[in-house]
Amino acid sequence: SSSTVAAVMSGCAADPRPDWTARFLTPQQLATLGALLDHLLPKTQPPGALDVQVDRFIDLCLKDYSSADDQQRFLAGLADVEQRARQIGGRINRHSFSDI
């Protein structure tokens with residue numbers, strides 16, 4: 001329900017420190033997620049997804065608020081996106097995702 005989501009969201013805050021490290025995602029997974037987020041919500045006049053630390057928020061939610069099944073589903077989906085991007089563009093960057 002929306003009240004449950006609101007309660008969870010109010011208790012979640014991404015770590016703003018510049019020396020932050022992910023608690024759930026590997027550096028490669030975080031880079032893939034960052035490229036995907038940058039493609040979906042790039043930095044323009046309003047801040048982009050990475051500017052407001054959506055990647056950190058997702059890592060926090062995966063680590064602290066997701067079931068093992070949901071975590072594995074997310075990682076499988078991320079790996080699939082990564083594989084498709086590599087097939088299309090050879091490397092992961094924000095432009096790799098436009099053809100997926």
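## Basis of the model

Helices (H or I, at least four residues) and strands (E, at least two) are DSSP runs, numbered from the N terminus. The structure is a predicted model, in which local features need pLDDT of at least 70, side-chain atom pairs count only at pLDDT 80 or more, and totals for chains, interfaces and linings use all residues. Residues are numbered from 1 along each chain as its sequence is written, and side-chain values use heavy atoms, with hydrogens and water left out.

## Overall make-up

The protein chain has four helices and zero strands. Read from the N terminus, its elements run α-α-α-α.

Of the 100 residues, 27% count as buried, where buried means under 20% relative accessible area, exposed over 50% and partly exposed in between (1.4 Å probe, protein chains only). The chain exposes about 6,500 Å², and carbon and sulfur atoms supply 54% of this area. Accessible areas come from the Shrake-Rupley method with a 1.4 Å probe; for residues, only the protein chains shown count as cover. A contact means heavy atoms within 4.5 Å. Among contacts in the chain with a separation of 6 or more, 64% are between residues 24 or more positions apart.

## Helix α2 against helix α3

Helix α2 covers residues 27-40 and helix α3 covers residues 54-65; their axes come within 10 Å and cross at roughly 130 degrees. This angle makes α2 oblique to α3. Axes are lines fitted to C-alpha atoms, for helices over the stretch in contact, and angles run from 0 to 180 degrees between N-to-C directions. Angles under 35 degrees count as roughly parallel, over 145 as roughly antiparallel, 65 to 115 as roughly perpendicular and the rest as oblique. The crossing of α2 and α3 is right-handed, meaning that the near helix is turned clockwise from the far one by less than a right angle.

On the α2 side, L30, L33 and L37 take part, and they meet V54, D55 and I58 of α3. By class, this contact has five nonpolar, no polar and one charged residues. Ala, Val, Leu, Ile, Met, Phe, Trp, Tyr, Cys and Pro count as nonpolar, Asp, Glu, Lys and Arg as charged, and the others, Gly among them, as polar.

## Helix α2 against helix α4

Helix α4 spans residues 68-89 and packs with α2 at an angle of about 70 degrees, the axes being 10 Å apart. That angle makes α2 roughly perpendicular to α4. From α2 the contact draws on Q28, Q29, T32 and L33, and from α4 on F74, L75, L78, E82 and R86. Four nonpolar, three polar and two charged residues make up the contact of α2 with α4.

E82 lies in helix α4 and counts as buried, because its relative accessibility is 17%. The C-alpha atoms of E82 and L33 are 9.1 Å apart in space, while the two residues are 49 residues apart in sequence. A85 is also found in helix α4, and it is buried, with a relative accessible area of 0%. A85 and T32 are 53 residues apart along the chain, and their C-alpha atoms are separated by 9.6 Å.

The buried residues of α3 are D55, R56, I58, D59, L60, C61 and L62. These buried residues pack against α2 and α4.

Q53 lies in the loop between α2 and α3. Its phi is positive, at about 65 degrees, although Q53 is not a glycine.
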